[in-house]
Amino acid sequence: MTLPTGEQFVLETSTSSGDLQATITAVAAGIRTLSINGIDLVPPYAEDQAPPMGAGIVLAPWPNRIRDGRWTHEGVEHQLAITEPARNNAIHGLLRYTEYKPIARERDSVTLSATIYPQLGYPYLLGTAVHYELVADGLKVTHYVENLGAEAAPVALGSHPYLKIGGVPTGELTLRLNAASHIEVDDRLLPTGEVPVDDTEWDLRDGRRVGDLHLDDAFGEVASEDGVVLHTLTAPDGRTVSIWADDEFDYVQVYTSREFPGEDSDVAIAVEPMTAPAEAFNSGRGLRWLDPGEEWQVSWGIRFEGFTAD
């Protein structure tokens, strides 16, 4: 049977906290499951479903939105396909429905690759790959991009993981977001400005209860320590699940949903690491231009703490 997300790659390893397991999908190189000792760290979805609300997918060669799908470079206007018709935007890149191919496989890891071919609004040729590896405290994700074309190509990357701690209502978790600015948006969720979070409702650095949040918001000026950014969800018993990212992920999007299918909790939350915000192809913010033959590598992951083996 052909599944909506293609081949399923089950990763397994043993850690001091117990058995760690993940399922990675061929389509969109997505994270379908991740658990420690059977406790979900992401909201799982069935293998016969498409990823609900973009759960776990890779966002390349741009995350978030481009207004009207239109951008201009050196006087040439490019028109991308409109993939968010309700807001007339191009959203989340060009690979969310692409089947990646496995190029390396171990019990605890898989590397998947996909090519971005020249197409409407993006006349560039890129080789991309994603390496997923189970490690002692979670899942490490490394993205590789190579410009296979003859001219410089614009690239930004992101991912769309939802997080949870199984057995704890997500609304009862506390979100701590290490970001000092909030990106203001219009009714199409496109940026209009950026403001400090100090003394505003957007200051999540000291933690806010997820159930009190209603967000589809991007944040900037993320703080890193020793080159690592950390955004954390904490359960009342002290267990945590976090998104960590290297310091090229200068932005983070947080999305809360009361409609995530199959979740018993009243809310689901996505914490999305991004190297650039919405409209990067027009603003240039966070945008990386790769020269012909140039390669780019970035890493992020999901980390757990406070879990013990049975």
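In strand 4, Asp-40 is the bridge partner of Ser-35, and two bridges in all join strand 3 (residues 31–36) to strand 4, the two running antiparallel. Strands here, like helices, are DSSP runs numbered from the N terminus, a strand (E) having at least two residues and a helix (H or I) at least four, and two strands count as paired if DSSP finds at least two bridges between them. The model is predicted, so local features need pLDDT of at least 70 and side-chain atom pairs count only at pLDDT 80 or more, while totals for chains, interfaces and linings use all residues. Residues are numbered from 1 along each chain as its sequence is written, and side-chain values use heavy atoms, with hydrogens and water left out.

Strands of a sheet pair through backbone hydrogen bonds, in either a parallel or an antiparallel way.

Strand 1 and strand 2 pair in the antiparallel sense over eight bridges, and a hairpin joins them through two residues. Within this pairing, Gln-21 in strand 2 is the bridge partner of Glu-12. Gln-21 also stands opposite Ser-35 in strand 3, and strands 2 and 3 pair antiparallel over five bridges. These two strands form a hairpin with five residues between them, and in the turn Ala-28 has a positive phi of about 65°. Strand 2 (residues 18–25) is mostly covered, since six of its eight residues are buried, where buried means under 20% relative accessible area, exposed means over 50%, and partly exposed lies in between (1.4 Å probe, protein chains only).

## A residue in strand 10

Pro-102 has its place in strand 10 (residues 101–106), and it is partly exposed because its relative accessible area is 39%. Leaving aside neighbours within four places in sequence, Pro-102 is in contact (heavy atoms within 4.5 Å) with Glu-7, Phe-9, Thr-111 and Leu-112. By comparison of positions, the C-alpha atoms of Pro-102 and Val-145, which are 43 residues apart along the chain, are separated by 16 Å.

## Nonpolar cores

A nonpolar core is a set of buried Ala, Val, Leu, Ile, Met, Phe, Trp, Tyr and Cys residues joined through side-chain atoms within 4.5 Å. The largest one has 75 residues, of which Ile-31, Leu-34, Tyr-122, Tyr-132, Leu-175, Leu-177 and Ile-302 touch the most other members. Strand 28 (residues 295–305) gives the most to this core, with five residues. Apart from it lies another core, of six residues, among them Tyr-45, Ala-55, Phe-260 and Ala-268.

## Pockets and cavities

On a 1 Å grid over the protein atoms alone, a cavity is a set of points where a 1.4 Å probe fits but cannot get out, whereas a pocket is an open set with protein on both sides within 12 Å along at least five of seven lines, and lining residues have an atom within 4 Å of a point. Grid points are joined across faces, edges and corners, and a volume is the space filled by probe spheres set on the points.

| Space | Volume |
|---|---|
| Largest pocket | about 280 Å³ |
| Second largest pocket | about 170 Å³ |
| Largest cavity | about 70 Å³ |
| Second largest cavity | about 50 Å³ |

The largest pocket is lined by 15 residues, with Arg-65, Ile-91, His-92, His-160 and Asp-216 nearest its centre, and its lining divides into four nonpolar, five polar and six charged residues. In this count Ala, Val, Leu, Ile, Met, Phe, Trp, Tyr, Cys and Pro are nonpolar, Asp, Glu, Lys and Arg are charged, and the others, Gly among them, are polar. The second largest pocket has 14 lining residues, which divide into nine nonpolar, four polar and one charged.

A search of the whole structure finds three cavities of 30 Å³ or more. The lining of the largest cavity includes Asn-64, Asp-216 and Asp-217, and strand 21 gives the most to this lining, with three residues. The second largest cavity is lined by residues including Ile-31, Tyr-45 and Ala-55, and by class its lining has seven nonpolar, one polar and one charged residues.
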